Amino acid sequence: MVEEVQSIMLVLTRQISSWDSRFYSISNSGIHSDNLKDQPDLLAHWMVLLRGRRSLHPCIQVLAPSQFLVTIPLQGLSGFRQKSSRRWRYYTPSGVQLLSPVMEPEKLHQWLEVEQFQKISAHWHDTDVSIQGDLVPARVISVLQGLLQRAIPACNLTNRVSVLESIGPTIRVTVETSEQMVEVELLPAVEIPGCWPRKARWPRFFKRWPSKDKTRCLKSFGFDLIARTNYHWQLSFLRAERLLLEGMDDDGGCRMKCLRVVRQLKEDVWCPGSRPVITCQHLQMILLWECERNPSSKSWIDFGSSFLRLVRRLLKCSQQRFLRHYFVRRANLLKSADANQLDKLADKLNRFLKCPTLDLSSYSDHGSVC
């Protein structure tokens with residue numbers, strides 16, 4: 001299904017890019033070459049990491065069996081500079097001025113100004129995407145959605161792709177694959193390699209995982225800013241998460257095996273459905289926190305105890321309705337989650353942990369689905 005969705009999105013984004021050069025056609029590279037021209041060392045390192053692998057940072061992230069996320073990189077924005085100063089914004093996404101200032105972004109979000117980029121295409125100054133020098137996510141999404149609606153019939157995909165009505169600044173489509181119908185969320189993204197955001201105060205002091213070398217490598221690949229709200233761009237660390245998971249069990253541990261089993265049980269038993277309250281990204285965050293708390297290889301030799309640690313952590317998060325983002329600790333990834341679904345999940349996990357006698361052999365040998 002991933003390959004089918006990717007091929008369809010590749011056709012659509014190629015068409016969109018031919019109409020509006022501000023949007024890239026999707027690819028598996030993880031960082032587009034235009035953003036690496038001034039960073040040859042980073043480009044060389046990236047190519048070494050990709051050698052012999054399908055992808056470290058695929059354009060498609062599988063959140064659930066029928067829920068995908070696709071990031072569409074923006075072209076013509078490079079040389080990002082972080083700003084320490086701030087100013088109040090007095091407008092709506094339509095450009096109407098407000099009598100009182102819009103609230104400043106919190107946790108994973110931030111404003112983005114055109115002048116924060118040393119190299120920028122002239123089209124990013126256009127009023128269809130910017131207001132008073134700010135790049136406005138809602139406007140970028142609106143432009144992309146209009147192009148997408150034109151591209152679907154132009155690419156003869158009307159019978160396979162349909163745009164869904166969205167509440168707020170999101171683009172959701174359904175894609176018909178040979179297996180089943182899947183829902184795809186499209187997110188414009190600004191790639192920012194070679195830079196690490198101030199809000200991500202990581203690594204934490206006196207932590208033995210990951211190693212210093214891996215930390216330096218990971219931070220050199222930077223982060224992304226994705227359009228998910230009206231005003232503020234959301235920090236995204238998909239490349240960093242992929243790099244942390246890559247080679248995680250080279251010491252003979254069972255971390256990824258535990259993640260696969262927890263994910264399979266979540267999808268089949270604990271939290272089934274097309275839009276579950278807990279996604280693969282949540283489970284990956286839980287695993288990263290457990291790896292930091294238990295950095296020793298010995299802690300991940302026994303599958304049973306390691307697996308139950310992840311389940312207990314998942315139970316605690318669902319009960320407290322709180323899951324810290326691994327890189328931005330102040331951000332709660334379950335802040336907007338459905339409380340009733342979390343309570344139901346907690347009940348199922350409690351019953352399982354009281355008598356964890358399930359035969360895990362049918363799950364533990366499954367191939368990677370992460």
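Arginine 204 is placed over the face of tyrosine 326, 4.9 Å from the ring centre. A charge is taken to sit over a ring if NZ of Lys or CZ of Arg is within 6 Å of the ring centre and within 35 degrees of the ring normal. Arginine 309 lies over the face of tryptophan 300, at 4.5 Å from the ring centre.

The model is predicted: local features need pLDDT of at least 70, side-chain atom pairs count only at pLDDT 80 or more, and totals for chains, interfaces and linings use all residues. Residues are numbered from 1 along each chain as its sequence is written, and side-chain values use heavy atoms, with hydrogens and water left out.

A search of the whole structure gives 19 aromatic pairs. Rings of Phe, Tyr and Trp (its six-membered ring) pair if their centres lie within 6.5 Å; planes under 30 degrees apart count as stacked, over 60 as edge-to-face and the rest as tilted. Tyrosine 91 and tyrosine 231 form a tilted pair, with 6.1 Å centre to centre and 55 degrees between the planes. Tyrosine 91 lies in the loop between strand E3 (77-80) and strand E4 (109-110), and tyrosine 231 in the loop between strand E11 (223-227) and strand E12 (233-236), so the pair ties together parts that are 140 residues apart in sequence. Strands (E, at least two residues) are DSSP runs, numbered from the N terminus.

Tyrosine 91 is buried at 1% relative accessibility, and tyrosine 231 is buried at 17%; the term means under 20% relative accessible area (1.4 Å probe, protein chains only). The rings of tryptophan 196 and tryptophan 202 have centres 6.0 Å apart and planes at 40 degrees, so this pair is tilted. One aromatic cluster includes Trp196, Trp202 and Tyr326.

Note on methods. Helix = DSSP H or I, 4+ residues; strand = E, 2+ residues; numbered from the N terminus. Buried < 20%, exposed > 50% of the residue type's maximum accessible area, 1.4 Å probe, protein only.
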